[in-house]
Amino acid sequence: MRALTYEKHGDPREGAVKKVFDPRPGPGQVVVRVVAAALNPADWKIVEGKLPFLVFPKKPFVPGCEAAGVVEALDARVSGLREGDEVVFSTGLGGALAEKVAVPALQVERKPTALSFEEAAAIPAAGMSALQSLRDLGGLRAGHRLVVNGAGGGIGVFAVQIGKILGAHVTAVASAGKHELLDGLGADALVDYRKTDFTKAGETWDVVFDVVPSRSFGACSRILSPDGVYVTTLPGPGPFFASVAAALRAPFGFRKRCRALMLKPRPEDLGWLLERAAAGTLRAVVGKTVPLDQAACALSDLAAGHGTGKTIVKIAA
Ligand SMILES: NC(=O)c1ccc[n+]([C@@H]2O[C@H](COP(=O)([O-])OP(=O)(O)OC[C@H]3O[C@@H](n4cnc5c(N)ncnc54)[C@H](OP(=O)(O)O)[C@@H]3O)[C@@H](O)[C@H]2O)c1
């Protein structure tokens, strides 16, 4: 089979589509013929060697954390799935930018028939990131005011819609070219970050979701409501020490919090998203679709940081 491969860390454009061995289902695994795979920032960060402590698990490295396709073979111990089933799945760290992938059956969900393979592939990582950030970390609920910084990218387009589903007033921060899309997704207010700094607009929010992320808890503290939460997609020492410092001030009445996303793939969360997408109340936004031969360039474009919704690699008809 063919796959996008990397022999060493470096420029995502240096990936080559090569023939590699067909996978076989290991214990508890299914082999899926991939129809569409989605690109994520994690893919280019792994390729560039930017995720600390993470070297290529094996060479050649095949990126791709999620895809949708058709079950082609199963380990005898797998139940509940059959050859020919249309599925959507997360792989973990890589492997999805290939014609076939072996994946644990526990990471596989049925693709709703109402969704195309491209739409289904666009949902898992970005959708679950948005859901877990807003519902679990932000505690977002009806009547809250939410601002999404980086609203037009993979996670942002889900965050705007999930914010509306949860009953919040949503301000979307994105470049002007994405405002029409975000208006159509239900954003209540739009900010072009190239013209206006949302942290200096004199407004306060219950949840600041810094998707890009380009801000900090310190910079956003004064625009948080007294119980407000700043949620960043970049865990690390900054958010860790900010959350400890906030907790130390809690006995003196300081209730603002800092939280950092550590995405946990959860079947129930993916089910929540797929159900709403199939019902038409949540839209998977596919900004660009490319064939496998152009996946390396598309990964490089994503690394530039200005993508719209999800980039999909169409691998089979
Ligand atoms: N911690 C975790 O578990 C976890 C899980 C998943 C993802 N992530 C991280 O989350 C981040 C976002 O992921 P994503 O999939 O949404 O990325 P993405 O698809 O690349 O989207 C980023 C968006 O930010 C916008 N943007 C760029 N600079 C901006 C700025 N200065 N102000 C406002 N918006 C700006 C871009 O478009 P415009 O500039 O045109 O508006 C783009 O739409 C990545 O760093 C990713 O690694 C973390």
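This is a predicted model: local features need pLDDT of at least 70, side-chain atom pairs count only at pLDDT 80 or more; totals for chains, interfaces and linings use all residues.
Colleague: How is the protein divided into domains?
Modeller: There is domain 1 (2–122 + 284–314) and domain 2 (125–260); the bounds come from an automatic or database domain assignment. Taken over C-alpha atoms, the centres of the two domains are 28 Å apart.

Colleague: How many residues does each domain give to the contact?
Modeller: Domain 1 gives 10 residues and domain 2 gives 8 residues. Two residues are in contact if their C-beta atoms, placed from the backbone, lie within 7 Å. The side of domain 1 that touches domain 2 has 3 nonpolar, 5 polar and 2 charged residues. In that classification Ala, Val, Leu, Ile, Met, Phe, Trp, Tyr, Cys and Pro count as nonpolar, Asp, Glu, Lys and Arg as charged, and the others, Gly among them, as polar.

Colleague: Turning to the ligand, which residues are the closest?
Modeller: The closest are Gly150, Gly153, Gly154, Thr233 and Leu263, and 30 residues surround the ligand in total. A residue is near a molecule if its C-beta atom, placed from the backbone, lies within 6 Å of it.

Colleague: Which elements give two or more residues to that shell?
Modeller: They are α1 (41–48), α3 (124–137) and α4 (154–165). Helices (H or I, at least four residues) and strands (E, at least two) are DSSP runs, numbered from the N terminus.

Colleague: What is the make-up of the shell by class?
Modeller: The shell around the ligand has 15 nonpolar, 14 polar and 1 charged residues. Domain 1 and domain 2 both give residues to this shell, so it lies between them.

Colleague: Is α1 buried or exposed?
Modeller: In α1, 6 of the 8 residues are buried, so the helix is largely enclosed by the rest of the structure. A residue is buried if 20 or more other C-beta atoms lie within 10 Å of its own, exposed if 12 or fewer, and partly exposed in between, with C-beta atoms placed from the backbone. The buried residues of α1 are Pro41, Ala42, Asp43, Trp44, Ile46 and Val47, and what covers them includes α9 (295–303). After α1 comes Gly49, with a positive phi near 75°.

Colleague: And what is the span of α4?
Modeller: The 12 residues of α4 reach 18 Å from the first C-alpha to the last, close to the 16 Å expected at 1.5 Å a residue. The expected span is 1.5 Å times one less than the number of residues.

Colleague: How many residues of α4 are buried?
Modeller: In α4, 10 of the 12 residues are buried, so this helix is largely enclosed by the rest of the structure. Among them are Phe158, Ala159 and Val160. The cover over the buried residues of α4 includes α3, β8 (145–149) and β15 (310–314). Gly167 follows α4 and has a positive phi near 95°.

Colleague: On to the largest nonpolar core: which members touch the most others?
Modeller: Of its 100 residues, Ala121, Val148 and Ala159 touch the most other members. Strand β3 (residues 29–38) gives the most to this core, with 8 residues. A nonpolar core is a set of buried Ala, Val, Leu, Ile, Met, Phe, Trp, Tyr and Cys residues joined through C-beta atoms within 7 Å.

Colleague: What does Ala121 touch?
Modeller: Leaving out residues up to four places away in sequence, Ala121 touches Ala36, Ala37, Ala38, Glu66, Ala67, Ala68, Val88 and Ile312.

Colleague: Where is Gly309, and what does it touch?
Modeller: Gly309 is in the loop between α9 and β15. It counts as buried, with 24 C-beta neighbours inside 10 Å. Not counting residues up to four places away in sequence, Gly309 touches Gly154, Val157, Val285, Val286 and Gly287.

Colleague: One last point: which residues does the cis peptide bond join?
Modeller: It joins Val212 and Pro213, with omega about -15°. Pro213 is in the loop between β11 and α6 (217–220).

Definitions and conventions: Residues are numbered from 1 along each chain as its sequence is written.
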